[in-house]
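Let's walk through this protein together, one part at a time. Have a look at the sequence and the model first, and then read on.

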Amino acid sequence: MNDASTTPVPPVQLPQVPRLQSLRNSFRFNDLLPILDATLESVGDTLVMYIGGVRRTVLTREPGLVQHILQKNHRNYAKSAFTQGFSRYVGHGLLTNEGADWLRQRRLIQPGFHRQRVAALTGLMQEIIEQTFQPLAEQAQRAGGSVDINTHELMTRLTFRVIARSVFSTAFSDAELDRASELLTRIQGFYVRTIRQPYLLPWFKVSGKYREHDRLTAELRGLLARYISQRQQATGSTPPDDLLQMLLDARYEDSGEAMTDTQLLDEALILVVAGHETSANALTWLLRLLALHPQEVQHIRAEAEAVLGGRPPTFADLPQLGRALYAVQEAMRLYPPAWMLDRVALAEDEYNGLRIAKGTLFSVYLHGLHHDPKHWPQPQEFQPARFAPGAPKPLTHYAYAPFGGGPRLCIGMQFALTEMQLVVLELLRRFEVEWVEGQPPVLSEPLITLRPKNDFKVRLRAR
Ligand code: HEM
């Protein structure tokens, strides 16, 4: 007879969403997340499904497993073909790089994102926020007090300018920035289709879609490369203190050498790619939430008036302006911009009786983690006070991970939080935010990031 210590533990069997149902879901771009949440709620926190009815993936909202993949045994989990395929368009910067090469790059670039570096960029962020809101205030004045904005369009423009200027200073004209932003949006949109609808790949090939998007990519890289080489050749004048200069000046610890030109371009591009749509989406959702929750606006404003008395905040003020930060954090809980992280198991592994075969694809489902009623009472409600010090925290580590976790935690986290906090504070200092009635229902669209399917309007009323 076997005693307990020698009895083989039967492997955990995961529930499955059948292929056909998975395929049907892949057509439901706009209500996919509530469907996934409801499925997890009814069958369990980890299940097997088929992306586009084709690729088998393990979808999980189990904090322990998420931590296992992202942190505890991260060496066994690389980004999957989903991210690797993206490098065809955006190159091999930090976000898409892997293994020893990624680690070397991360070590090289990390110091560029220390708190003090981010603090030094605060003035630039404020300048761009001001340039974005001032014309709206004037427009509102002319139009009798208020202006309706296309929220996602405006937030995308704002965050694109913030990251582009943080990397490249004032190198590009507004027209060039708009073109770069448009190129990126089109490239990303196409890439997501290749993932979500793999059955269309043959058609993409024959219809020349790949070639078309390769051309757009070449245009985007050309735009950035021209400016980088101008900077490299500029001698005499003091170079601007921006993120590009940080990349140019960085030297590998082992060799003392600088990055190659291709690597430099890849890293600069990846910062722009990773650094604008995520923040734009978070701010877009936040504006809607603030418009619908005026009492939260009162809290943020009352605190800001007490701390600042009408002057603009400095980086050092931000810790005293927690209410704006909690609203940002809660918006990212409800609408995590990176709603899903992809990983693949490099070797066989085991987690709590779950046998993981080499090659298993994982979808680390942050949206599911953030909406799980086991961790978040009234998960659908906007309650920024959940993030206040002293509020009861979710019992489980990794129940909240909008910036990922482990060694691949978002390198721009401090940058993004600072930027979003500043946007909220300035917006509410200048305007009342109101929801415009009579708009079509707002649906979310989970592409690479979680954006609204159709843009919506928010009314800004000058104060
Ligand atoms: C609300 C804003 C943002 C969110 C929610 C966000 C989220 C994330 C997440 C979840 C990851 C990890 C991906 C994974 O593990 O698969 C990540 C990585 C990354 N993010 Fe962000 N991000 C934001 C803003 C930014 C900004 C502003 C920058 C640049 C200034 C940036 C640059 C990066 C880079 C380079 C990586 C790859 C890091 C690595 O693998 O070493 N992100 N981000």
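The buried residues of helix H3 are Pro-63, Leu-65, Val-66, Gln-67, His-68, Ile-69 and Leu-70. Here, buried means under 20% relative accessible area, exposed means over 50%, and partly exposed is in between (1.4 Å probe, protein chains only). Seven of the ten residues of H3, which spans residues 63–72, are buried, so this helix is largely enclosed by the rest of the structure. Helices (H or I, at least four residues) and strands (E, at least two) are DSSP runs, numbered from the N terminus.

Before going further, keep in mind that this is a predicted model, where local features need pLDDT of at least 70, side-chain atom pairs count only at pLDDT 80 or more, and totals for chains, interfaces and linings use all residues. Residues are numbered from 1 along each chain as its sequence is written, and side-chain values use heavy atoms, with hydrogens and water left out.

Now turn to the ligand. Which protein atom is the single donor to its iron atom? It is the SG atom of Cys-410, 2.3 Å away; donors are N, O and S atoms within 2.8 Å of the metal (3.2 Å for Na, K and Ca), and water is not among the atoms, so sites may look incomplete. Cys-410 sits in the loop between helix H15 (366–370) and helix H16 (413–430).

Around the ligand there are 26 residues, and the closest are Trp-102, Arg-106, Arg-343, Arg-408 and Cys-410. A residue counts as near if one of its heavy atoms lies within 4 Å. The shell has 17 nonpolar, five polar and four charged residues. In this grouping, Ala, Val, Leu, Ile, Met, Phe, Trp, Tyr, Cys and Pro are nonpolar, Asp, Glu, Lys and Arg are charged, and the others, Gly among them, are polar. Helix H12 gives the largest share of the shell, four residues.

Next, find the open sheet, whose five strands run in the order E1-E2-E8-E5-E3 with mixed pairing. Its edge strands are E1 (46–51) and E3 (77–78), each pairing on one side only. Two strands pair if DSSP finds at least two bridges between them. Strands E2 (residues 55–60) and E8 (residues 361–365) pair in the parallel sense over three bridges, and Thr-60 stands opposite Val-364 in E8.

Finally, look at the charges. Side chains of opposite charge can pair when their charged atoms come close. A salt bridge is a side-chain nitrogen of Lys or Arg within 4 Å of a carboxyl oxygen of Asp or Glu, and the whole structure has 33 salt bridges. In one of them, Asp-174 pairs with Arg-161, with the closest N and O atoms 3.5 Å apart. Asp-174 lies in helix H8 (residues 174–196) and Arg-161 in helix H7 (residues 151–168), so the pair ties together parts that are 13 residues apart in sequence. Asp-174 is partly exposed at 42% relative accessibility, whereas Arg-161 is buried at 8%. Another salt bridge joins Arg-179 and Glu-219, with the closest N and O atoms 2.8 Å apart.
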